[in-house]
Amino acid sequence: MNITKEQSRTSYIDVARGIALILVVWGHLLSGATFTFQWIFSFHMPIFFFLSGMCFHPEKFDTLQTFLKKKIKSRILPYFFIAFLAFLICMCIPSYREVILADGLGLQMLSLLYYAQPRNLYVGQIWFLIGLFFAELFAFFWFRFMEKKKAIFIFLGLGIWILLASQVLWRINMLFSTPYFSRLPWKIDAGFIAGIFLVIGYYVQKYQILDKLYRFKFILFPVFLFLNVLFGPILNGYVNICDCVLGIRTFYFISAFSGILAVMLFSMFVQNLNILAFFGRYSLPMFAAHTFLIYFVNDIRFAVTNTFYTVAADLPYFQTIWMTIAVCIGMVIIAFLYQKLWSVFTFLHSQFILQPFVETAASNISYSTVGNEETNLNQHSQEEFNS
């Protein structure tokens, strides 16, 4: 198996993203007191930032303006669109609507606009888009100043970054601790930590480090998994990059990177599993919808069994497994619907936007170029999320 081919690279990245997405679903069903929950949370969001780093191309951004224009379009706007869509759905469901109205407009706006994590809209996970925006922003400045530096300065810079994230960031957050706020706005703090994973993911891809490690996969995989479990749930307990809960900082980074590398090696080994790659390719709509699906499946379970359990609190362990499978089936349906809706959008885009543009600017731009853009619009939606 030649794992250095570009197609294989894309495949195992999609597989890794698919595995991480399934673990996110399972983690959101489990009680925080369980070992499995703490194991999943030790690396499940850092790996998304790491994978984003593997797909990051700093050379695409000549200026900060170019970067902001692209990333606001692909990170900030989807955040608000998903939150608005979730709000409309919740307003149509009486039990959901009552909770939101009880919160009041002020609390909802504080959660949406300051903490970047919508409250009681069942899409709290989209904080990731804002965290990713700031992680990429920090990475943009990193590569502007460090890309051409020698390896020793890159290692030193990353060490200082990790030190700042470990020992300084929480003190800065304390300065923002008031009766109204409790941390830096808009997940800047989480984005600062996430930027470390993103930048290292970039270097891992650039220097083909995974290809080198893969030769020793049967030795390294159990070693990385052991280190992840030891320095994660066993020694460090609950962590959550979203809330900047890192526990013992050194243990956190050892566990997170060990878990990431274990998943990456496993993904390279099973990169031909198309179902996992499918989850990875459509991770954005699936990720956005999975919490709604969790509560939908839980409502069905209650209707069938007449036994009430609270999600992420007291669900029996076995039930979290079959509910994860049920939610994954629902996410596949969501992905197909997304695919169809995007096809309709690309058709309308080509008929009412691209085509008039071609006709009026035929002397300046070739039709083949526009046709190529039109053909690839469906793939472009996920690439916007990746790049």
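## Fold and surface

Helices here are DSSP runs of H or I with at least four residues, numbered from the N terminus. In this predicted model, the protein chain has 17 helices and zero strands. Of its 387 residues, 52% are buried. Where contacts in the chain join residues at least 6 apart in sequence, 78% of them link residues at least 24 apart.

The accessible surface of the chain is about 19000 Å², and carbon and sulfur atoms account for 70% of that area.

## Nonpolar core

The largest nonpolar core contains 117 residues. Phe-49, Trp-142, Ile-193, Phe-197, Ile-241, Met-264 and Met-331 have the most contacts inside this core. Helix α7 (residues 127–146) supplies the largest share, 14 residues.

Beyond its neighbours within four places in sequence, Ile-193 touches Ala-165, Leu-169, Ile-241, Cys-244, Leu-246 and Phe-253.

## Positive phi in loops

Asn-306 is not a glycine, yet its phi is positive, at about 60°. This residue sits in the loop between α14 (283–305) and α15 (317–360). Asn-306 has 63% relative accessibility and therefore counts as exposed, the cut-off being over 50%.

Gln-208, also a residue other than glycine, has a positive phi near 55°. The loop holding Gln-208 runs between α9 (188–206) and α10 (209–214). With a relative accessible area of 36%, Gln-208 is partly exposed.

Technical notes:
Residues numbered from 1 in each chain as written. Predicted model: local features only at pLDDT ≥ 70, side-chain atom pairs only at ≥ 80, totals over all residues. Heavy atoms only, no water. Helix = DSSP H or I, 4+ residues; strand = E, 2+ residues; numbered from the N terminus. Buried < 20%, exposed > 50% of the residue type's maximum accessible area, 1.4 Å probe, protein only. Contact = heavy atoms within 4.5 Å. Areas by Shrake-Rupley, 256 points an atom, 1.4 Å probe, with all protein chains shown as cover. Core = buried A, V, L, I, M, F, W, Y, C linked by side-chain atoms within 4.5 Å.
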